[in-house]
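Colleague: I am new to this structure. Could we go through its strands and helices together?

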Amino acid sequence: MPLSLPRKSLGFGLAAVARPGYITLGRDRDLGENRSVETLRARTHALLDTAYASGVRYFDAARSYGRAEEFLAGWLAARPEIDDVTVGSKWGYTYTAGWSTDAEKHEVKDHTLATYERQRAETDALLGDRLDLYQIHSVTPDSPALTDKDLHARLAEAAADGVTVGFSTSGPAQADAIRAALAVTVDGAPLFRTVQSTYNALETSAGPALAEAHDAGLSVIVKEGMANGRLAAPHAPDALRAVAEETGLGCDAVALALVLRQPWADVVLSGAATVAQLGSNLAAATAVLDDDQAARLAALAEDPRAYWERRGQLPWH
């Protein structure tokens with residue numbers, strides 16, 4: 001069956017709440033000191049409850065997001081009546097922090113077929129037939145996942161069995177990675193049906209390639225619309241603050257509304273860590289920005305290499 005993703009909607013991603021350490025600014029304040037497995041499980045379930053009650057129907061996890069798949073699977077199992085959500089996860093990074101915030105490495109990247117086989121089995125053990133979308137995590141132009149024919153064959157088998165195959169991107173060359181992935185075929189048919197990329201007021205370089213992907217029939221999911229907290233109120237640039245004041249919305253809602261305004265954006269992820277943040281994020285779905293406001297926000301875009309260099313320097317809180 002084709003993937004059912006609601007168009008022009010907000011989804012919820014578990015990257016910031018299913019592990020004790022992440023790079024979002026303000027996370028110390030948001031999560032506090034108690035980050036036990038059970039505490040973060042309860043927080044994640046409360047966020048999922050709120051998101052679902054508010055109409056969110058896409059939920060996004062990954063093998064490297066700590067216990068994201070476990071938390072999401074437990075939430076789904078406790079609510080068997082919920083059968084109208086789309087569940088996505090990712091493979092290609094292994095979580096290595098051991099539930100610590102000060103690990104030397106929090107995740108290790110490997111896009112080989114062996115890693116796919118191992119992580120697919122791990123994902124299946126948790127999510128089973130609730131998995132709708134499986135994405136290669138953070139593809140870059142040099143990723144072997146773009147050229148490994150054996151891997152492509154296995155992914156095509158997964159697609160034939162009903163799991164939609166997609167990819168996510170990161171880094172300053174996202175556009176190149178997207179275009180390379182669009183060219184990947186198996187038996188003459190395109191392999192990938194979704195793309196998930198970073199796009200926000202500060203990092204817009206993937207926009208033209210995402211438009212091409214959308215025109216080619218891929219569903220487009222946008223991550224990091226808040227630039228890992230750099231567009232939240234305590235850190236927001238003046239232009240964003242001004243538009244937020246004009247609209248009566250939070251800086252976060254304006255930042256996400258700007259992404260939703262893009263004609264190629266199907267689902268824009270909220271990465272909220274608190275129920276209050278999620279409620280504020282969700283206001284983006286009905287926000288209206290005029291052309292002047294959008295133009296002023298567009299002027300915030302940074303050079304992609306500078307943006308990703310700064311992102312790489314963010315501490316794991």
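Predicted model: local features only at pLDDT ≥ 70, side-chain atom pairs only at ≥ 80, totals over all residues.

Colleague: Which strands make up the barrel, and in what order?

Modeller: The closed barrel has eight strands, in the order S1-S2-S3-S6-S7-S10-S11-S12, and their pairing is parallel. From one strand to the next, the twist averages 30°.

Colleague: How many bridges join S3 to S6?

Modeller: Strand S3 (residues 86–91) and strand S6 (residues 133–139) run parallel and are joined by four bridges.

Colleague: Turning to helices, which strands does H9 lie across?

Modeller: Helix H9, residues 251–260, lies across S1 (9–13), S11 (219–223) and S12 (267–270), and runs at about 160° to S12.

Colleague: At what angle do H4 and H5 pack?

Modeller: Helix H4 (residues 113–127) packs against helix H5 (residues 149–160) at about 25°, and their axes are 9 Å apart. Angles under 35 degrees count as roughly parallel, so H4 is roughly parallel to H5.

Colleague: Which residues meet there?

Modeller: From H4, Leu113, Tyr116, Glu117 and Arg120 meet Asp150, Leu151, Arg154, Leu155 and Ala158 of H5. By class, this contact of H4 with H5 has five nonpolar, four charged and no polar residues.

Colleague: Is Arg120 buried or exposed?

Modeller: Arg120, in helix H4, counts as buried because its relative accessibility is 16%, and buried means under 20%.

Colleague: What is Arg120 in contact with, leaving aside neighbours within four places in sequence?

Modeller: Arg120 is then in contact with Leu131, Tyr134, Ala158 and Val163.

Notes:
Residues numbered from 1 in each chain as written. Heavy atoms only, no water. Pairing = 2+ DSSP bridges. Helix = DSSP H or I, 4+ residues; strand = E, 2+ residues; numbered from the N terminus. Axes fitted to C-alpha atoms, helices over the stretch in contact; angles between N-to-C directions. Contact = heavy atoms within 4.5 Å. Parallel < 35°, antiparallel > 145°, perpendicular 65-115°, else oblique. Nonpolar A, V, L, I, M, F, W, Y, C, P; charged D, E, K, R; others polar. Buried < 20%, exposed > 50% of the residue type's maximum accessible area, 1.4 Å probe, protein only.
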